[in-house]
Amino acid sequence: MALVEVKVPDIGDFDEVAVIELLVKVGDSVKAEQSLITVESDKASMEIPSSTAGVVKELRVKLGDKVKEGSVVLVVEAAGAAAAVAPAAVASAPAAPVPAAVVAPIAAVAPAGAAGLIDIHVPDIGDFKDVAVIEVFVKPGDAIKLEQSLITVESDKASMEIPSSHAGVLKELKVKVGDKVNIGDLLAILEGSVAVAAAGNAAPAVAAIAAAPAAVAVPTPVAVAAAVVAAPAHAPGASTLGLPHASPSVRKFARELGVPLEEVKGQGPKGRITQDDVQAFTKAVMSGATQTKAQAAKAPAGGGDGAGLGLIPWPKVDFAKFGPIERKEMGRIKKISGANLLRNAVMIPAVTNHDDADITDLEAFRVSTNKENEKSGVKVTMLAFLIKACVAALKKYPEFNSSLDGDALVYKNYWHIGFAADTPNGLMVPVIRDCDKKGVLQISQEMSELAKKAREGKLGPAEMTGATFTISSLGGIGGKYFTPIINAPEVAILGVCKSTMEPVWDGKAFQPRLMLPLSLTWDHRVIDGAAAARFNAFLGQILSDFRRVLL
């Protein structure tokens with residue numbers, strides 16, 4: 001292992017841009033090209049990726065710091081091979097050629113005083129395809145200045161403003177919010193002067209583009225676009241016709257939660273909206289402390305202000321006046337999961353069925369299996385058998401393996417099972433993929449590895465997404481029954497408690513049997529009570545005689 005300094009790559013003709021977001025912390029595992037920080041100039045926002053995979057050992061920057069090309073962002077502990085390859089790739093990369101499409105809009109000079117209809121096209125914004133229009137700053141009839149920003153486009157890594165190459169009056173706008181655009185697409189038609197930026201003014205921008213190393217794939221497009229924008233008419237943070245001031249990752253996070261970003265008050269520099277701001281807004285809406293404009297419009301006359309549901313506001317109490325208190329901020333995992341759980345609990349009409357499954361014979365088989373495989377180091381748990389049993393039940397009752405998409409049901413022909421893992425940082429749900437193709441031993445091994453990574457805080461996003469059904473097990477702790485909350489967009493979740501020996505009547509006498517409590521929560525929009533009862537009964541039959549899983 002080796003310590004590697006990750007530096008700011010060539011981000012174009014910028015000097016000392018501000019750090020406005022930290023996307024990782026010490027101890028995090030980062031992948032090559034994973035975004036580390038977000039920086040911002042008055043022209044563009046961009047996320048700086050890691051050139052090396054490894055574990056973050058030290059952060060060298062903090063919010064508000066100014067960085068430039070070559071500034072050390074953080075130190076990672078990386079494998080020797082990875083550490084050696086990444087810097088070499090950047091150092092040896094040849095300078096990227098300046099595309100003709102970039103130079104032409106900047107350096108070309110039209111005859112002075114020429115007039116008529118002028119087509120404004122998307123300039124070369126780098127190696128991006130089908131970027132989304134997220135803001136429109138102008139409308140037909142507006143007087144447009146040279147280099148005035150017309151629209152903002154956004155990729156997963158960067159937001160950038162597209163300027164006008166000419167001055168004049170906007171006669172027709174060819175794009176709207178939500179459209180996808182590419183290099184050369186027609187944006188607008190102007191009527192007026194054909195004069196463009198002087199070649200002398202364009203020279204520094206072109207030089208900055210030409211100097212960008214080809215190996216730095218992600219920031220380069222941002223540098224290209226930002227260098228083109230010489231003097232934007234739209235100041236970040238100011239009121240516009242479109243979305244407010246936020247980075248691409250925050251915009252995406254808000255879209256996933258359904259948060260109207262224009263209604264969120266940013267607490268970051270220059271009024272920038274951060275992920276914490278989105279989470280705080282979500283909590284305020286779900287608790288009834290505030291309403292969205294859409295909720296207010298739909299609220300009945302004389303109704304309360306509880307998130308459009310007629311609920312009274314959340315009580316505000318000074319707890320200290322009753323006795324000593326200690327205040328601790330919730331961890332990041334609990335903040336994120338809390339907002340999701342609250343949304344799911346409020347929006348899903350959930351019903352829970354409770355049953356018991358006889359696992360006496362299955363537990364005896366599990367114990368004997370572990371004795372036989374003691375040398376392999378793989379310990380088979382009851383949860384591994386449950387996963388296989390659930391796959392069989394999901395195949396028999398496929399609506400439990402579906403998701404709602406508007407008025408349609410999406411039936412998935414794959415079986416990825418999530419399992420709730422209790423960690424020091426909060427509840428996490430790793431996902432075991434293609435459980436129908438794996439045996440109990442392999443599932444047990446993967447489950448052990450994923451649970452360990454969860455406890456160490458090393459799970460990646462790909463290891464926590466894509467589940468079609470989730471199992472929440474309290475078997476190692478205790479309890480009898482509970483009501484688990486469905487993990488949207490799934491439509492059902494199985495809760496399992498600790499098994500106990502109970503007397504069970506066999507028709508002649510009471511026999512001691514090991515009984516496992518099952519709690520199946522299901523979405524009543526998709527599943528009815530009869531289907532849920534059949535699912536639970538079938539699952540119990542498989543657990544009582546595991547040979548049925550082969551049928």
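Predicted model: local features only at pLDDT ≥ 70, side-chain atom pairs only at ≥ 80, totals over all residues.
Ile432 sits in strand 23, which spans residues 431-432. Is Ile432 buried or exposed? Ile432 is buried, with a relative accessible area of 0%. Leaving out residues up to four places away in sequence, Ile432 touches Ile387, Trp415, His416, Ile417, Phe419, Lys438, Ile443, Glu446, Met447 and Leu450.

**The protein as a whole**

Stepping back for a moment, the protein has 551 residues, and 44% of them count as buried. Its secondary structure comes to 12 helices and 27 strands. Among contacts in the protein with a separation of 6 or more, 64% are between residues 24 or more positions apart.

**Helix 10 and its two partners**

Several of the residues that Ile432 touches, including Ile387, Ile443 and Met447, turn up again where helix 10 meets helix 11. Helix 10 covers residues 382-396 and helix 11 covers residues 440-455.

| Helix pair | Axes come within | Crossing angle |
|---|---|---|
| Helix 10 and helix 11 (residues 440-455) | 9 Å | roughly 120° |
| Helix 10 and helix 12 (residues 529-544) | 9 Å | roughly 135° |

Take the pair with helix 11 to begin with. Its axes cross at roughly 120°, and that angle makes helix 10 oblique to helix 11. The crossing of these two helices is right-handed. On the helix 10 side, the residues that meet helix 11 are Leu383, Ala384, Phe385, Ile387 and Lys388; on the helix 11 side they are Val440, Ile443, Ser444 and Met447. By type, the residues of this contact divide into 7 nonpolar, 1 polar and 1 charged.

Now for helix 12. The axes of helix 10 and helix 12 cross at roughly 135°, and helix 10 is therefore oblique to helix 12. This crossing is right-handed. Helix 10 brings Leu386, Ala389, Cys390, Ala392, Ala393, Leu394 and Lys396 to the contact, while helix 12 brings Phe535, Phe538, Leu539, Ile542 and Leu543. How do the residues of the contact of helix 10 with helix 12 divide into nonpolar, polar and charged, and how many are there of each? There are 11 nonpolar residues, no polar ones and 1 charged.

Cys390, part of the contact with helix 12, brings us to the cysteines. How many disulfides does the model have? The count comes to 0. Cys435 shows the reasoning: a disulfide needs two cysteine sulfur atoms within 2.5 Å, and the closest cysteine sulfur to that of Cys435, in Cys390, is 9.7 Å away, so it is too far for a bond. Cys435 is buried, with a relative accessible area of 0%. Cys497 also counts as buried, at 3% relative accessibility.

After helix 5 comes Gly258, with a positive phi near 75°.

Lys265 lies in the loop between helix 5 and helix 6. At 66% relative accessibility, Lys265 counts as exposed. Its C-alpha atom is separated by 8.7 Å from that of Val278, 13 residues apart along the chain.

Thr292 also belongs to a loop, the one between helix 6 (275-287) and helix 7 (293-298). Is Thr292 buried or exposed? With 10% relative accessibility, Thr292 counts as buried. Apart from neighbours within four places in sequence, Thr292 is in contact with Pro260, Glu263, Phe281 and Val285.

Val346, to finish, has its place in helix 8, residues 332-347. Val346 is partly exposed, with a relative accessible area of 44%. Val346 and Met286 lie 60 residues apart in sequence, and their C-alpha atoms are 8.3 Å apart in space.

How values were computed:
Residues numbered from 1 in each chain as written. Heavy atoms only, no water. Buried < 20%, exposed > 50% of the residue type's maximum accessible area, 1.4 Å probe, protein only. Axes fitted to C-alpha atoms, helices over the stretch in contact; angles between N-to-C directions. Helix = DSSP H or I, 4+ residues; strand = E, 2+ residues; numbered from the N terminus. Parallel < 35°, antiparallel > 145°, perpendicular 65-115°, else oblique. Left-handed = near helix turned anticlockwise from the far one by under 90°. Contact = heavy atoms within 4.5 Å. Nonpolar A, V, L, I, M, F, W, Y, C, P; charged D, E, K, R; others polar.
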